[in-house]
Amino acid sequence: ASRRGTPMTSMQQERPGWTNFYSDFKSVESASVISLESLVEQLDGMQDHLQTLTAELALHEADKDKNAGDTFEATMRPFHEQISTQLETLSSLVRTIQKEYKSLAAYYGEDPTSTPSKDFFRIFAQFSADFKKAQKDNVARAHKTAQTPAKTAAAAVTKA
């Protein structure tokens, strides 16, 4: 009988670097709980609200005489400028993430339009967790197997 062992054991012996692949997946767990689609929806909502604020500011500016003493524009204009910049930065990041996700999903043979990002990354998170568990189980089994001959020998000496 061959003592080659499990595929995991073979991989650990022949390609030891492969067995810690999950160290490259530091963000997979986090990505598996965040929906890119939901993020895009929230961003669209924020952009809609910003457009509403832009329109409100334009109306206030057009009716300056009517709004004498009103602090809305003085308060909201700096806020609008700050948020506009931050929202554009966020928008750019989300577009980059969408592009990268589409490329990654396609690389792994998934259709990015029908596979939610959360589900895609959950597969990797679950596989990584299962792989780590299998490694621990193998170490425990090897440790137990190594102790069994020593216990048998100790028991034989005790009986003699």
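**Aromatic pairs and helices in a predicted model**

In this predicted model, the buried residues of α4 are Glu73, His80, Leu87, Ser91, Val94, Tyr101 and Ala105.

Biologist: How many aromatic pairs are there?

Modeller: A pair of aromatic rings is described by the distance of the centres and the angle of the planes. Here, ring centres must lie within 6.5 Å to pair. By this rule the count is eight.

Biologist: Are the rings of Tyr101 and Phe121 stacked, tilted or edge-to-face, and why?

Modeller: Their centres are 6.1 Å apart. Their planes meet at 45°. Stacked needs under 30 degrees and edge-to-face needs over 60, so this pair is tilted.

Biologist: How many residues apart in sequence are the parts that Tyr101 and Phe121 tie together?

Modeller: Tyr101 sits in helix α4, residues 72–107. Phe121 sits in helix α5, residues 117–159. Both residues are buried. The pair therefore ties together parts whose separation in sequence is 20 residues.

Biologist: What kind of pair do Tyr108 and Phe124 make?

Modeller: The ring centres lie 5.0 Å apart. The planes are at 70°. An angle over 60 degrees decides the class, so the pair is edge-to-face.

Biologist: Where do Tyr108 and Phe124 lie?

Modeller: The pair ties together parts that are 16 residues apart in sequence. Tyr108 is in the loop between α4 and α5. Phe124 is in helix α5.

Biologist: Is Tyr108 buried, partly exposed or exposed?

Modeller: Buried means under 20% and exposed over 50%. Phe124 has 16%, so Phe124 is buried. Tyr108 has 42% relative accessibility, so Tyr108 counts as partly exposed.

Biologist: Which residues form one aromatic cluster?

Modeller: Both pairs discussed above belong to it.

Biologist: What span is expected for α4?

Modeller: α4 has 36 residues. Its first and last C-alpha atoms are 50 Å apart.

Biologist: Which residue just after α4 takes a positive phi?

Modeller: The phi is about 80°. The residue is Gly109.

Biologist: Which residues does Glu73 contact, leaving aside neighbours within four places in sequence?

Modeller: Glu73 lies in helix α4. Its relative accessible area is 16%, so Glu73 is buried. Two of the contacts, Leu57 and His60, are among the buried residues of α3. The contacts are Leu57, His60, Glu61, Lys64 and Pro78.

Key:
Residues are numbered from 1 along each chain as its sequence is written. This is a predicted model: local features need pLDDT of at least 70, side-chain atom pairs count only at pLDDT 80 or more; totals for chains, interfaces and linings use all residues. Side-chain values use heavy atoms; hydrogens and water are left out. Rings of Phe, Tyr and Trp (its six-membered ring) pair if their centres lie within 6.5 Å; planes under 30 degrees apart count as stacked, over 60 as edge-to-face and the rest as tilted. Helices (H or I, at least four residues) and strands (E, at least two) are DSSP runs, numbered from the N terminus. Buried means under 20% relative accessible area, exposed over 50%, partly exposed in between (1.4 Å probe, protein chains only). The expected span of a helix is 1.5 Å times one less than its number of residues. Contact means heavy atoms within 4.5 Å.
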